[in-house]
Amino acid sequence: MDAVMIAVGEETGGLDSLLDKIADFYEDEVAPAVKALTSIIEPIMIVVVDIIVISMYMPISKVDDQIK
């Protein structure tokens, strides 16, 4: 579909405005998808970081207990 629109834009001489319209359309399509993906990934990343931090501090805690 985009190829047909570009061909028409080339023939009519309005390629720049047509490409602007296509870019606006795709921006409107992509923005909600990125927002949804970010809202899904954010809690997962928090859990992963928490697991990494806990796995780093557990050995330190065990060594500290052995020293005392």
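A residue is called buried when its relative accessible area is under 20%, exposed when it is over 50%, and partly exposed in between (1.4 Å probe, protein chains only). By that scale Phe25 is partly exposed, with a relative accessible area of 48%. The model is a predicted one, in which local features need pLDDT of at least 70 and side-chain atom pairs count only at pLDDT 80 or more, while totals for chains, interfaces and linings use all residues. Residues are numbered from 1 along each chain as its sequence is written, and side-chain values use heavy atoms, with hydrogens and water left out.

Phe25 also takes part in the one aromatic pair that the structure holds. Rings of Phe, Tyr and Trp (its six-membered ring) pair if their centres lie within 6.5 Å, and planes under 30 degrees apart count as stacked, over 60 as edge-to-face and the rest as tilted. The ring centres of Phe25 and Tyr26 are 5.3 Å apart and their planes stand at 70°, so this pair is edge-to-face. Tyr26, at 39% relative accessibility, is partly exposed.

Turning to the helices (DSSP runs of H or I, at least four residues, numbered from the N terminus), helix 1 (residues 2-12) packs with helix 2 (residues 15-67) at an angle of about 155°, their axes lying 8 Å apart. Helix 1 is therefore roughly antiparallel to helix 2, a label for angles over 145 degrees. Contact (heavy atoms within 4.5 Å) involves Asp2, Met5, Ile6, Gly9 and Glu10 of helix 1 and Leu15, Leu18, Leu19, Ile22 and Tyr26 of helix 2. Leu19 is partly exposed, at 39% relative accessibility. The C-alpha atoms of Leu19 and Gln66 are separated by 68 Å.

Definitions and conventions:
Axes are lines fitted to C-alpha atoms, for helices over the stretch in contact, and angles run from 0 to 180 degrees between N-to-C directions. Helices (H or I, at least four residues) and strands (E, at least two) are DSSP runs, numbered from the N terminus. Angles under 35 degrees count as roughly parallel, over 145 as roughly antiparallel, 65 to 115 as roughly perpendicular and the rest as oblique.
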